[in-house]
Each structure stands twice: as structure tokens, then as C-alpha cells.
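Student: I've got the model open. Can you walk me through some of the packing and the sheets? Keep it quick.

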Amino acid sequence: MPELVFFRRGEEVLRVGVDRARMVLGRGEQSDVAIPDPEVSRQQAALLWDGARCRVEDLSGKGTVVSGETVTTAELPDGADLVLGQWRAVFRLSGGGEGTESTTEIGHTTSVQTRDAQRWQAAQVRVKQGLNESVHRLTGDSFTAGKDAGCDLVLQDRFASSKHLKVTRREAVFHVVDLRSTNGTWLGPVRVFEAEVTLPTTLRVGETELVLEQAVSGTKKETTSFHGIIGNDMAVRNLAEVIERVAPSTAAVTILGESGTGKELVARAIHQCSQRANRPLIPVNCAAISKELIESELFGHEKGSFTGAANARKGAFEEADGGTLFLDEIGELPLDLQAKLLRALESGEIKRVGASRPMHVDVRVVAATNLDLLAAAREGKFREDLYYRLCVIPLHLPPLRSRKTDLASLAEHFVKMYAPRGQTVRFTASALDRLQGHGWPGNIRELRNVVHRALLMRKGPVIDASDLTFDQEMNKETGIAVPELPPGMTLEQMLEKLERQIVEAALRRFNNNRERVARELGVARSTLFKRLKDWGLTRQDEQE
């Protein structure tokens, strides 16, 4: 899986997997990666990943610096870097390159010195595939891993071989042997054919990470993960049970819940638990597409059917044939298209824009919304017949504020997911207390952004309460956290200090171009020069 590796002052502070078709970077609360920097726009740039290539698209209107050049759109090659305020992000086409401390020579066995107290400690394998994570306790002396059903550990990974590797326990070490796999077994940046490793060690097989680690003590309550859905709360366990029961059917499902509660994650779990798991899951956000294009996006169009239709194009229904179509924000679908969607659901027939004949598709529809669809239907804003056709099985997702017992587990999950490899980052008790005291109006999406920011802002190997900033504390204009007034400082002194910091940052950003700084800050050049003179930031010849 490709990833972005963030650096601050040369130190790696955050890793984010590019695991979706569109990932937005910015300081705004709706961004997929939250960057706490006033020089970064609320939506700075989007990464567009098609499974083979990645492009960057500037969203700020001012350009994004990629590999030293300011661009509006460009392809991201492996190793390209993006400048995002005081942070630098490096794009890696294949994750797992740096940050792992274990190294070995290719094709040779590396001996390990420590074979004493850890001799027969209980061990487990943590399997990480994107957002999905599962744990398998080691009960024997060896295990095999691969796609073949006969392996002890069956991997659902397109890049894994049928019998990929074998791991054998030898007292305090584990002997790893690659079974002549096609894509190799990787330890950090090195492909290994045979190696001896200790705990903990992370092996990479295709897009999967196998973490050999000490088994969790039986006295500690493990956090369950169901297809990436993390939590021990009763509402989460009930949700997982309902998904397992309804997924094998073809009934339409509508996922109801507040924004940021993980509706797409639930849709993916339904697809993965269904008999359509080997067919595509096609997501469509009905609120993100203009009314003029939504029909073509859903049903496709023929060549020449409207201005700009230079070629025929499949719609989402055709692309999802045999699989699942996920219609997010279904409440935003225009009324005239709701009738066509209803026909497609009832008869399985669709018709491209400009086509003379309909075609038949086999699609299971999963919808999602944060609106009260029944109330919208009563107000005439949503078709009542479509409501009952979509809500055969309604799934209600609980907001994060109602499942506070899962808060620490979710926060630790995001830290493990995004922290640099080879680094163990933990929350202090005061940080966890501050997380528990927050209301979480943005739900899990807000928690993910808070963890992103904390990993960028932390000063050491732990995340403290002072490293946490919430969206409600962010100034809507500047995007920076509103500071508290220090003891002994007047408001006027604090305002002058902040003014100087803003001006100095602007001078650095525009290479000391005073006219540009004055224009950007909306002050007269004479006013800016007076401020600089008062602060002692002018040259001797300028003062004279």
C-alpha cells in the first residue's frame, strides 16, 4: 500500500497509508489528514490514487509545492515530497521502507544474541491489512502463511503467494524462511530469504504486515476488531452481529448515523461478509457530484449524449455489476433521479444517458445518510416509496460520545496505524483524561484528526494533554489553536506577541518580500515597516 511519511525538522513523526481513491490534506476538520499549520489551507491538496498511479491536485488555489515546484496538478512518483507549512511529506509507492530497526543481509541468516529471559515467552501474530487487524496466538512450534487454504495463516492478499513463508520457533528466536514467493518477504527495506528474528518484528508480505510480538496477558481485555470496526461497547458488538446476519442476503441496507461515525467502514464490512466479496465495491458520494453529472455518474452515458461526452462511459451500477454499490449521502440525491434509482432497485434495469435500450445489472445497494429520511419523505424532499425500498434493513451507528469506553482503544488504534514504524508512541494519563472529557461532535473522524495532529505536535515519545487540540478550539480564520493568556501578561502584550509571530511567519513564507507580506496581511506598507522597526527587525540603512 502506498503511504505518506511526514517529517518535521528531519524527524519522522507520522505515517498515513493512501488507502482510498481520494485523500484530502489540509488543516480543516473535514480533511482526511489534519495538518495543524496556519500556512496550510483548510483543504490544501488531494491525492488521487487509481491503484497504480498517484496524482496530487491543489485545492488551495495558491498551488502546492511538490519536489520543489509549485503545481496545481502533477503525478507523484515514488519518493516525491510535498511541502505543507513547516511539515514535509514524502510519498512512497510501497509502504514499509523506513523506520524498522531490524535489518539483515539478503540471503543470509542473522544470528541474535539475546536468548535468555525471553526463551519461551508466549507469542502471537498480529495481521494488519489496511484498516483491518486480527490477532492469532502461536500454540505450536511453527506456522505457514499464504493464500492457500492449507496454510496455518490464510492471507487475503493479492500479492501473497499460495505458500509464502514459514516461521519456526527456536528457543528465544524465530526462524523465518521465504518459500520461494513471487513478491518476496520483507524485513524493513530488505527482502529476506532466511533470517532469525526476535520479538517484536514486523514482516511485510504484499500489502499485509505480520507483526511477531509477545502475546497479550490473559488478564488484559483485548479490543475486538470486526473488519476494521474497533470496539467492545455493547452497541458495537450488536452491530457486528447484525452485519453477519444480513450480509449474505441481497436485501437493501441503509446505514444511519451522524457524520464521522464510520458509515463507509460498515458498508465495506457488509460487502466483505457477503457472497459478493470477490466482486467490486463501488462507492459514490451523492453530495459530492453536481446535479448535472450525477445521472451519468450512476447510470453512465453514450457517446455524444451531451456536450463533452466524447466517449461512452460506464456508470457506477455497471461497474458494481455482481458486487455492491455504496450510495453515501443518499438524502442529497435529486428528486428526479430518485425515481430512476427506484426503478433500478425494483427491476435491476438501468439505462445510460442517451441510450435507447435498458440493460440488466445484478447489484446489491447499501445506502448511508446522516439525515432523517422519513421526516424528509413526509416533507416531500425524499420519495416515500424509495425510503421503504432502501430501508429494508436500517443500521443505526452510535455516536462516539455514547461509547466512551471505546475511546482509549480507538485512540491507541489510530496511534499504532499512523505512528512511524519502529516507534512506540503512547498517551499519558492526562491526555486520555482530556480525550474522555471532550464531547466529540465530529465523532470518529474528529478523533482520527486529533490523533494526526497530536503525532505531528508531540515533543517526544508520548502524547501529553498539551499536544491535543480539538476542532472547536481551532480559530476559524487562522486555523491555529487559541492560546490561554499566560499569568502576568496583559491582553495587549499577548496580542502584540501574536502579531509579531504572524508577521515573522509571513516574512519567512514570502522570502522577506515586505510588499507581498503587507498585501497578504491586509495592512499598509508603512504600518508594516513601523512594526518591524519597533521590533528591531529592520536593517541599519532602512532605519536611516
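Student: Which residues in H8 meet H9?
Tutor: Leu-407, Ala-408 and Ala-411 in H8 meet Leu-432, Leu-435 and Gln-436 in H9. Contact here means heavy atoms within 4.5 Å. Helices (H or I, at least four residues) and strands (E, at least two) are DSSP runs, numbered from the N terminus.

Student: How many of those contact residues are nonpolar, polar or charged?
Tutor: The contact of H8 with H9 has five nonpolar residues, one polar and no charged. Ala, Val, Leu, Ile, Met, Phe, Trp, Tyr, Cys and Pro count as nonpolar; Asp, Glu, Lys and Arg count as charged; the others, Gly among them, are polar.

Student: What about source and numbering?
Tutor: This is a predicted model: local features need pLDDT of at least 70, side-chain atom pairs count only at pLDDT 80 or more, and totals for chains, interfaces and linings use all residues. Residues are numbered from 1 along each chain as its sequence is written, and side-chain values use heavy atoms, with hydrogens and water left out.

Student: Back to the helices. At what angle do the axes of H8 and H9 cross?
Tutor: Roughly 115 degrees, for H8 (residues 407-418) and H9 (residues 429-436). Their axes come within 10 Å. Axes are lines fitted to C-alpha atoms, for helices over the stretch in contact, and angles run from 0 to 180 degrees between N-to-C directions.

Student: Is the crossing left-handed or right-handed?
Tutor: H8 passes H9 in a right-handed crossing. The near helix is turned clockwise from the far one for right-handed, and anticlockwise for left-handed, by less than a right angle.

Student: Switching to sheets. What is the strand order in the six-stranded one?
Tutor: E2-E1-E11-E10-E7-E8, in an open sheet with antiparallel pairing. Two strands pair if DSSP finds at least two bridges between them. E2 and E8 (69-71) are the edge strands, each pairing on one side only. On average, neighbouring strands are turned by 30 degrees against each other, direction ignored.

Student: How many bridges join E1 to E2?
Tutor: Six, with E1 (residues 3-8) running antiparallel to E2. In that pairing, Leu-4 stands opposite Val-16 in E2.

Student: Which helix packs on the sheet?
Tutor: H10 (residues 443-457), touching E1, E2 and E11 (87-92). The direction of H10 makes about 160 degrees with that of E2.

Student: I'm looking at Leu-14. Is it buried or exposed?
Tutor: Leu-14 is buried, because its relative accessible area is 0%. Buried means under 20% relative accessible area, exposed over 50%, and partly exposed in between (1.4 Å probe, protein chains only). Leu-14 lies in E2 (residues 11-17).

Student: What is Leu-14 in contact with?
Tutor: Leaving aside neighbours within four places in sequence, Leu-14 is in contact with Leu-4, Val-5, Phe-6, Tyr-418, Pro-420, His-452, Leu-455 and Leu-456. Tyr-418 is 404 residues from Leu-14 along the chain, yet their C-alpha atoms are separated by 5.5 Å.

Student: And the five-stranded sheet, what order does that have?
Tutor: E26-E27-E30-E25-E31, open, with parallel pairing. The edges are E26 (281-285) and E31 (393-396), each pairing on one side only. The twist averages 20 degrees from one strand to the next.

Student: How many bridges join E25 to E31?
Tutor: Four, with E25 (residues 253-256) and E31 running parallel. Ile-255 has Leu-395 in E31 as its bridge partner. Leu-256 has His-396.

Student: Which residues of E31 are on the covered face?
Tutor: Ile-393 and Leu-395. The uncovered face of E31 has Pro-394 and His-396.

Student: New topic: how many disulfides?
Tutor: Zero, searching the whole structure. A disulfide is a pair of cysteine sulfur atoms within 2.5 Å. As for cysteines, Cys-151 counts as buried because its relative accessibility is 7%. Cys-273 is partly exposed, with a relative accessible area of 23%.

Student: Last one. How many helices and strands are there in the protein?
Tutor: There are 14 helices and 33 strands. Of the 544 residues, 46% are buried. Among contacts between residues at least 6 apart in sequence, 59% join residues at least 24 apart.
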